[in-house]
Amino acid sequence: MGIPSFQTLALPTFFFFFVSSYLLAYFRIFHNWDPKHRAEASSCFISLTHGTPAVFMAIHALTTQTTKSPSPPTFSSPNTFLHNTVLEFSISYFLIDLLHYLIFFPNDTLFILHHLATLYVFFTCRFIVHHGSFALLVLLILAEITSFCQNVWTLAGYRKADLPVAGKVFDLMSLPFFAFYTIVRGIIGPLFVYKMGVFYITQMTGDSIPVWAWVSWMIVIVTAILISIVWVFDHWIDWFKRRKAMNKLA
């Protein structure tokens, strides 16, 4: 086990970027929204600035082969410089969004615990274990590839009561968003996590990833997957109820 090492200015730079993005959203873009939705929309905004860029950054990092490690990566391969950069990008985002919840929604225990757990996995992988980022970046892609749809859908939901166009966007996006989310988080994600679990248990990563690390990572990841499945299942039920009510009115 190593000690945290900060070898570049990437983390503070990304942190400043997300702080600036949040402040821009809160004091300029959504300044005329009601206080509750103003804060929530600002959180969505920084999620937009993180999600899709993180997907492309992770894809680039995963597909860029290094001369130090010419062989195909495994779930226990050393982190590369690009892998670490993506991890620091996401760590910065989750730190700012965690502060958002602690300040505006301190009773939202589920999201606070989610962010703390995610930060624990990314931080230990980046600064302590220095291995295993390959699997985490794949999971990051699966987690954030739905981010754009989810944030636009969420923002539309905040204003659907007072803006007809927002209501139309919300209704139009609901079905394809839920379907996309279900495929990614309910099918592809669990299959990939299963492969991770099999690798860790059967390969026993040796000294590269300590047992405490991969066991704790798997607990966090499996829990997050289960929460995602429950979340989308609840929204499917709500969607069918709304469709049934609309059909009765038609």
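1. Charges. The protein has 15 positive and 11 negative charges, and their mean positions are 7 Å apart. Lys and Arg count as positive, Asp and Glu as negative, with His and the chain ends not counted. Each charge is placed at NZ of Lys, CZ of Arg, CG of Asp or CD of Glu.

2. Basis. This is a predicted model, in which local features need pLDDT of at least 70 and side-chain atom pairs pLDDT 80 or more, while totals for chains, interfaces and linings use all residues. Residues are numbered from 1 along each chain as its sequence is written, and side-chain values use heavy atoms, leaving out hydrogens and water.

3. Fold. The protein has eight helices and zero strands. Both are DSSP runs numbered from the N terminus: helices are H or I of at least four residues, strands E of at least two.

4. Overall dimensions. The C-alpha trace spans about 60 × 40 × 35 Å along its principal axes.

5. Surface and burial. The accessible surface comes to about 13400 Å², and 73% of it belongs to carbon and sulfur atoms. Areas come from the Shrake-Rupley method with a 1.4 Å probe; for residues, only the protein chains shown count as cover. Buried residues make up 47% of the 250. Buried means under 20% relative accessible area, exposed over 50%, and partly exposed in between.

6. Main core. The largest nonpolar core has 55 residues, and M196, Y200 and W217 have the most contacts inside it. Helices supplying at least two residues each include α7 (164-203) and α8 (211-249). Such a core joins buried Ala, Val, Leu, Ile, Met, Phe, Trp, Tyr and Cys residues through side-chain atoms within 4.5 Å.

7. L155. This residue sits in helix α6 (residues 147-159). L155 is buried, at 16% relative accessible area. Beyond its neighbours within four places in sequence, L155 is in contact (heavy atoms within 4.5 Å) with F30, W33, A41, C44 and L48. V169 is 14 residues from L155 in sequence and 9.7 Å away, C-alpha to C-alpha.

8. H130. Check the backbone here: phi of H130 is near 65°, a positive value in a residue other than glycine. Most residues other than glycine have a negative phi. H130 lies in the loop between α4 and α5 and is partly exposed, at 26%.

Conventions:
Buried means under 20% relative accessible area, exposed over 50%, partly exposed in between (1.4 Å probe, protein chains only).
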